Amino acid sequence: MVGNRHSLMRAKAFLTEFARDTRANTLAIMAMAIIPLAGMVGGGIDISRMYIVKTRLQHGCDAGALAGRKAMAGGNWVQTVNGVANYPETTAKQFFDSNFDKNAYGGTSPNKAFTENAGKVSGTATATVPMTLMRIFGRTTETLTVTCEADMRLPNTDVMFVLDNTGSMDWKPDNSSCDASCKAAGGSKMQMLRVAVKCFFEIVARLDTDAACDGGAPSGGTGNGAQIRFGFVPYSVNVNVGKLLPNEFFADSGYYQTRKWNLFATPQDAVGTPYWETYGTAISQANCLKFMNNQSFNGFTPTPTPVGTAPGPVTKITFNSDGSASTEWYGEWGGWSGASVTSGNNRSCRRNRTDTVTHYQGWTYDRLPINFSALKAGGSNWNNSFTWPDGANGSNRQINWDGCIEERKTVKDAASYNPAPADAYDLDIDMRPNGNAETQWKPALRPLIYLRAVTGGNYSNATLNPVDSINNFAAPGYGCPTQAKKLQSWPVASAFDDYVDSLNPTGSTYHDIGMIWGARLMSPTGIFRSENEFTPQGGEIERHMIFFTDGIAQANPCEYSAYGVAWFDRRTTENVGNASSCGNENANLDAQINKRLEGLCTAVKNKNITLWVISFGAGVDATTKTRLTNCASAGRFFDASDSTALQKAFRDIANQISALRLTN
């Protein structure tokens with residue numbers, strides 16, 4: 001018993017002493033901590049690998065979404081390109097594979113999927129990462145998932161199309177004639193332009209037009225995230241902008257190359273001794289009066305026959321204020337010695353000739369005042385016509401107004417228009433009319449315009465002096481394009497189609513009038529400032545003008561333009577050639593257009609407007625291309641020779657305007 005107790009006591013003492021001894025604890029602690037330490041270190045390594053793999057996975061997804069959206073071209077996700085079906089989706093997956101190395105960092109079994117909705121490409125990518133030390137906790141793999149989106153997202157954007165609408169647009173791109181079969185195949189420059197503009201609209205507005213565009217049919221629109229507006233200024237010899245303006249911007253009257261009905265007197269050789277003229281017998285008093293006024297009736301022109309000395313005084317001939325004859329004729333209704341006398345309503349007719357003047361009625365052709373205030377219907381409303389005494393024998397007739405304009409005051413023959421002289425109001429983009437007629441516009445009144453003393457296409461007798469004549473002189477060449485459109489949203493593609501299809505070639509090429517009105521309709525500080533400065537929500541707006549032409553400036557001195565008839569009015573230059581050159585193109589007028597265009601290009605770019613310029617076809621020579629290149633913003637000039645190149649130019653502009661960016 002004593003021995004056992006002693007053994008127990010020794011054991012207890014040993015254990016107690018052992019428990020109090022810490023010299024061997026480290027080994028035990030290390031043994032117990034090795035498992036959690038392994039988990040911590042392994043987890044850190046595996047998490048780092050997972051982070052790197054997920055970053056690479058995100059890069060691949062983003063690259064695929066961006067590439068897929070860019071490959072959509074006109075906005076169509078399902079399309080075949082170069083024999084590759086579903087080209088945008090295929091491109092997206094290829095770019096993913098190029099940017100994600102499935103063998104790096106242990107990522108395996110990568111999966112990717114890309115879809116499109118309303119122009120937005122969405123992607124999802126997954127990859128499996130095998131665990132290393134985390135396996136001791138039962139985690140053998142980890143699946144990673146990322147998402148991405150890419151969209152052609154526009155800021156608030158205004159696009160103004162300033163489009164050459166001249167007669168040469170009815171030709172082929174090589175400037176040869178385009179007959180009916182050519183047009184049936186869409187072979188005229190105008191037809192090609194219509195398609196290119198519609199395809200531009202498809203890319204930017206994401207709406208399907210009736211054009212067959214590369215890339216197929218987009219849909220979905222741009223949503224409500226941004227304000228997207230398009231405007232148009234078709235131009236030729238003039239622009240059709242008048243009815244877009246308020247009445248107060250127009251004068252009430254102005255001077256035009258026109259005519260008025262007058263009574264004239266021309267000298268007659270002296271007749272010596274007074275004598276009677278007989279106009280026949282058995283005629284009515286009305287026809288007798290016509291004879292006396294040297295007029296014919298029933299196709300018979302009177303031939304006076306001297307009869308003898310006339311007794312008695314001579315009665316003075318008089319006319320009414322409208323030019324018609326009164327009944328106070330000198331002469332006699334009755335008989336005379338030696339001539340038969342008829343009774344009743346038909347009698348003999350004779351006139352006493354002692355005068356030395358022959359009177360007749362006809363036209364005075366001159367630069368004359370026209371009051372057109374009846375066109376104004378109040379506010380921004382307009383009547384389409386007014387009446388003016390320009391009909392037969394000075395009667396009233398209806399004068400229709402198509403909406404084209406005559407420009408306000410300008411400065412002729414300036415050495416440079418870059419910048420424009422201060423009093424060249426026609427080249428001032430922002431100036432509002434102030435009630436002074438020099439700052440206001442006038443309607444272009446083509447029905448009232450006549451080429452003074454020009455007959456049958458013969459210009460040699462053209463004169464700046466007034467002309468009195470019974471002739472109906474020639475009317476000038478003219479072209480009034482389709483009415484311009486202010487900047488507006490086009491939520492329905494068919495309305496856009498209809499407007500573009502209304503563009504038809506007409507008239508000569510006056511680049512300056514197109515450029516100035518394109519700038520006026522989109523300027524944020526001009527006559528439409530309230531509509532253009534900001535969005536209705538106060539947002540900033542990016543502004544782009546696309547100036548398109550198929551040829552050089554071409555002006556005819558006897559064509560009716562926004563500056564009148566140049567040979568007679570001489571508003572931009574005095575150097576318009578001699579009378580015989582009136583019907584031909586004038587190089588000095590062309591030079592004036594080019595100088596004005598140069599100044600306007602600079603003025604437009606100074607408005608923080610990106611100016612894109614497209615030259616199309618064989619009608620644009622090297623000198624003009626250089627001028628147009630200088631006109632454009634830096635790097636914004638395109639030269640297209642055929643339909644394919646033209647569509648590409650518009651497509652490239654659309655893609656540059658549409659900023660491709662990630663949205664998530």
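Is the disulfide of C601 and C631 left-handed or right-handed, and what is the torsion about its S-S bond? The torsion is about -80 degrees, so this disulfide is left-handed. The model is predicted.

## The C601–C631 link

The S to S distance between C601 and C631 is 2.0 Å. C601 sits in helix α11 and C631 in helix α12 (residues 622-631). The pair links distant parts of the chain, 30 residues apart. C601 is buried, at 2% relative accessible area. C631 is buried too, at 3%.

## Other disulfides

The count of disulfides comes to six. One of them joins C178 to C182, with S to S at 1.9 Å. Its torsion is about -95 degrees, so it is left-handed. C178 has a relative accessible area of 6% and is buried. C182, at 11%, also counts as buried.

C558 and C582 form another, with sulfur atoms 1.4 Å apart. This link is right-handed, with 40 degrees about the S-S bond. C558 lies in the loop between β18 and β19, and C582 in the loop between α10 and α11, so the pair ties together parts 24 residues apart in sequence.

## Nonpolar cores

The largest nonpolar core has 79 residues. M515 and W517 are among the members that touch the most others. Helix α8 gives the largest share, seven residues. Another core, of 38 residues, lies apart and includes F200 and W612.

M515 contacts both C601 and C631, and also M545, F547 and L611, among others.

## R520 in helix α8

R520 is found in helix α8 (residues 511-522). At 0% relative accessibility, R520 is buried. A polar atom of its side chain lies 3.4 Å from the backbone oxygen of Y425. Further contacts of R520 include E407, D426, D428 and W441.

Terms used. Residues numbered from 1 in each chain as written. Predicted model: local features only at pLDDT ≥ 70, side-chain atom pairs only at ≥ 80, totals over all residues. Heavy atoms only, no water. Helix = DSSP H or I, 4+ residues; strand = E, 2+ residues; numbered from the N terminus. Buried < 20%, exposed > 50% of the residue type's maximum accessible area, 1.4 Å probe, protein only. Polar contact = N/O pair within 3.5 Å; in protein donor to acceptor, adjacent residues only side chain to side chain. Contact = heavy atoms within 4.5 Å. Core = buried A, V, L, I, M, F, W, Y, C linked by side-chain atoms within 4.5 Å. Disulfide = S-S within 2.5 Å. Lists of a residue's contacts leave out its neighbours within four places in sequence.
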